[in-house]
Amino acid sequence: MSHPPPSDTPRQPPSAILIVGAGVFGLSTAAAILSSSLYAQTQLTIVDPALPNLEQGKTDETPQYSPSAHTASIDSSRIIRPDYANPAYSDLAAEAQKAWRSRYAGEGVYHESGLAVVAGSKGSEYVEAACRNVQDPRRKTEDRLEEPTHVERLDSPQDIRAILGLHPDHSLRLGQPESEHLGRTGYINRSSGWANAEGAMRIEMRRILEHRRDPARLTLRRAKVDRLLFSRADSERKPSVTGVYLTDSSCIEADLIILATGAWTPSLLDLTGRVQSTAQCLAYLPLTTSEADSLSAMPVLLNLSTGCFVIPPALNTASPSASPILRSSTATYDEGAYYTHHLKVAGHCHGYLSPRPITVATPSSKIRLCPSLPSSSPVPPPALEGLREFLCSIFPSSSPLSSRLFSFSRLCHYTDTPTGDFLITYHPEYENLFLCTGGSGHGFKFLPVLGREVLKILERRGGEWQRLWGWKDQHVGEWKGDGSRGGETGELLENAMKEGGERERERRSKL
């Protein structure tokens with residue numbers, strides 16, 4: 001059940017807005033506010049540990065922005081697709097993709113490689129619905145490359161091998177049915193692709209910094225928020241959030257607080273049964289220049305049964321190797337080969353939970369909670385084994401890629417909701433607090449249009465999205481998402497790490 005925004009929410013633009021968080025949700029919202037004449041007199045402050053400091057009135061500075069490698073929106077690559085089972089998301093993603101083509105392709109960060117969406121024993125219903133939506137004739141426009149062959153059905157594992165450029169007799173060597181890892185059926189949408197996530201976020205920050213010449217409008221603050229600042233309720237009004245305390249004990253106040261804090265949101269607010277952080281696993285396989293050249297024409301492959309996907313390398317200057325999280329392992333010489341590029345393989349699964357006891361501030365006291373939050377843990381060995389099995393279903397045993405060691409791996413933290421819908425709404429219990437979170441692993445692709453939709457909801461004219469992304473009753477039970485996530489639900493990161501340790505001890509005992 002969705003709840004409407006508070007009826008007493010001010011209609012006039014606030015004189016000061018504070019956005020906490022500089023990921024996709026935060027920066028896209030900031031860019032929309034700064035571009036709107038309605039907020040011409042509004043002072044906007046953005047606070048995030050990864051931001052450059054830009055004080056109000058400092059117009060001669062050119063801050064250097066280095067996106068945080070810890071957010072879900074920052075990485076070498078993110079899938080850009082209108083391939084959704086829900087027609088509303090499919091339509092909005094198709095609109096966003098127009099901007100990816102026009103605004104970002106020329107910057108070298110958007111690549112229309114094609115996307116193969118496949119499934120084995122699970123996930124086929126989502127695949128069929130997504131295929132219908134991307135073929136919907138009412139969405140044909142000149143700039144969507146709607147040739148009759150832009151979507152092609154894949155009716156067998158042999159068809160999937162063919163579009164990946166694999167030999168038809170290639171089979172899996174690890175004991176599980178090949179069709180589960182590579183997929184049994186699906187389709188390829190040749191007008192989908194991927195984007196260099198860090199490059200896109202730098203472009204978004206560049207748009208925001210264009211407004212630094214107006215000293216009354218924009219302040220950037222490199223800082224970490226510790227807790228929310230409340231005013232107490234009285235007989236006439238609910239409690240209000242008036243600002244935030246920073247970890248250095250200072251505070252920032254504003255008329256409206258927008259929390260765009262992603263997977264860290266449950267550390268600031270009780271969102272039990274509504275938002276939780278899950279850890280996804282990703283790894284990079286080093287490639288030589290010739291290997292990267294041969295794989296660059298490969299489409300993105302997304303298996304909705306296993307939750308695994310692979311994104312091809314880029315050959316231009318916006319290569320994934322430019323990402324700061326990979327620089328330490330890029331252009332290395334090992335085992336007689338000079339590696340210059342990377343192949344990304346990762347999970348879009350239900351993910352690992354990492355519950356942690358914390359204290360969260362409320363208007364009258366502090367409460368003890370145990371939400372799932374981001375972890376600094378390495379990738380669990382069982383997850384790396386799953387990614388390896390996926391690679392072995394793609395590359396034959398004769399290929400060195402099937403056994404080459406990963407050069408880098410890390411956890412990527414999603415901000416999940418029970419249904420996979422975003423949470424973009426006024427908080428029903430606190431005045432002046434607006435939530436902008438719950439990306440659920442699929443928010444990045446909406447970067448070009450998300451801020452516009454956030455402003456509509458902020459101004460209480462959000463239509464269908466205001467309902468879909470609104471405050472809902474607390475969910476109890478299994479979180480199933482939107483049907484696009486593979487793997488098991490409810491897995492604990494701690495247990496996966498213990499399992500990996502036990503396997504390693506067993507292996508060493510046999511040496």
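Reader: Thanks! Where does pLDDT stay under 50, and how many contacts beyond four places in sequence does the model have there?
Author: Keep in mind that this is a predicted model. One such stretch is residues 172–176, where the model has 15 contacts beyond four places in sequence. Another is residues 317–333, with 44 contacts of that kind.

Reader: Okay, and what's the mean pLDDT of the protein chain?
Author: The mean is 85, and 83% of the residues reach 70 or more.

Reader: Let's move to the strands. Is strand S8 largely enclosed or left open?
Author: Strand S8, residues 185–189, is largely enclosed by the rest of the structure, because four of its five residues are buried.

Reader: Which strands does S8 pair with?
Author: Strand S6, residues 115–119, pairs with S8 in the antiparallel sense over five bridges. Strand S7, residues 151–154, also pairs with S8 in the antiparallel sense, over four bridges.

Reader: Nice. What is the order of strands in the open sheet of three?
Author: The order is S4-S9-S5, and the pairing is antiparallel.

Reader: How many bridges join S5 and S9?
Author: Two bridges, in the antiparallel sense, with S9 covering residues 193–195. His111 stands opposite Trp194 in S9.

Reader: Switching to loops: where is Ile74 found, and is it buried or exposed?
Author: Ile74 is in the loop between strand S3 (43–48) and strand S4 (78–80). Ile74 has a relative accessible area of 3%, which is under 20%, so Ile74 counts as buried.

Reader: How far apart are Ile74 and Asn196?
Author: In sequence they are 122 residues apart, while in space their C-alpha atoms are 8.7 Å apart.

Reader: Last topic, helices! How do H1 and H9 cross?
Author: The axes of helix H1 (residues 24–35) and helix H9 (residues 447–458) come within 8 Å and cross at roughly 65°. That angle makes H1 roughly perpendicular to H9. H1 passes H9 in a right-handed crossing.

Reader: Which residues make the contact?
Author: From H1, the contact residues include Phe25, Ala32 and Ile33, and from H9 they include Leu450, Val454 and Leu455.

Note on methods
Residues numbered from 1 in each chain as written. Predicted model: local features only at pLDDT ≥ 70, side-chain atom pairs only at ≥ 80, totals over all residues. Heavy atoms only, no water. Buried < 20%, exposed > 50% of the residue type's maximum accessible area, 1.4 Å probe, protein only. Pairing = 2+ DSSP bridges. pLDDT = per-residue confidence, 0-100. Contact = heavy atoms within 4.5 Å. Axes fitted to C-alpha atoms, helices over the stretch in contact; angles between N-to-C directions. Parallel < 35°, antiparallel > 145°, perpendicular 65-115°, else oblique. Left-handed = near helix turned anticlockwise from the far one by under 90°.
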